[in-house]
Amino acid sequence: DWSSDVCSSDLSLLRGKTDQALADLNRVIQLDSTQQHAYYMRGLIKAARGDHESAITDYKQQELILPDYWKSYAACGRSEMALAMYDKAAESFVMCNTKKYTDSVASQVVWAYVMAGDYFKAIEMADKYEDDHRSDYAPLFKYRGIAEFRAGRFKAAEEDLLIALEGDSKDVESYLNLSRTYLAMGDQGKARRYANL
């Protein structure tokens, strides 16, 4: 799961104690509004409670205090995705990867652009990450394959989805999208076969 390297380890420190942690963080910020990581941690709690708008405000404040802290951008992108702010989420994920590259966040850049309907930008970013970082991360290929399918580039979608399945042979979403791709290409036999896997 892509979020495992972003902030779940930070949030696990607060599990079961979120009310007290939130109160403590509010107090820390009141005493010193430049406290490192306080806004980020408070944003995590708010996001976990479903208050993504307020979480985004905290992540943005954290970015002002520590502009190179990559986790703030990734967490902000997650909250923006939850609010269907896909263009903004893509920007946050891109910024995260300029601070510290991770394959999992790269795949979220691509997925955010797909969700925003900007399929060619999704493809462009996947190409960049694959070239610059020699990524072979299965979700990156899956999301690029989905973007290519939606852009009508069926042969390219087929190639990427097959690569995604080589990396993760149990990914149902890749099988389903490959089946759709073969259906669009007029190959009902392959479409049926991949739909049944």
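Start by selecting Cys-76: in this predicted model the residue is buried, with a relative accessible area of 0%. Are the two sulfurs bonded or apart? Cys-76 is in no disulfide, and the nearest cysteine sulfur, that of Cys-96, is 11 Å away. A disulfide would need the sulfur atoms within 2.5 Å, and the count of disulfides comes to zero.

Now zoom out to the whole protein chain and colour it by secondary structure. The chain has 12 helices and zero strands, so the pattern along the sequence is α-α-α-α-α-α-α-α-α-α-α-α. Along the principal axes, the C-alpha atoms fill a box of roughly 65 × 30 × 25 Å. Of the 197 residues, 46% are buried. Among contacts with a separation of 6 or more, 51% join residues 24 or more positions apart.

Then select residues 172-184, helix 11, together with residues 188-195, helix 12. How are these two helices oriented to each other? Their axes lie 7 Å apart at an angle of about 170 degrees; an angle over 145 counts as roughly antiparallel, and helix 11 and helix 12 are therefore roughly antiparallel.

Finally, show the side chains where they meet. From helix 11, pick Tyr-175, Leu-178, Ser-179, Tyr-182 and Leu-183; from helix 12, pick Gln-188, Lys-190, Ala-191, Tyr-194 and Ala-195. The residues of this contact divide into seven nonpolar, two polar and one charged.

Definitions and conventions:
Residues are numbered from 1 along each chain as its sequence is written. This is a predicted model: local features need pLDDT of at least 70, side-chain atom pairs count only at pLDDT 80 or more; totals for chains, interfaces and linings use all residues. Side-chain values use heavy atoms; hydrogens and water are left out. Axes are lines fitted to C-alpha atoms, for helices over the stretch in contact, and angles run from 0 to 180 degrees between N-to-C directions. Helices (H or I, at least four residues) and strands (E, at least two) are DSSP runs, numbered from the N terminus. Angles under 35 degrees count as roughly parallel, over 145 as roughly antiparallel, 65 to 115 as roughly perpendicular and the rest as oblique. Contact means heavy atoms within 4.5 Å. Ala, Val, Leu, Ile, Met, Phe, Trp, Tyr, Cys and Pro count as nonpolar, Asp, Glu, Lys and Arg as charged, and the others, Gly among them, as polar. Buried means under 20% relative accessible area, exposed over 50%, partly exposed in between (1.4 Å probe, protein chains only).
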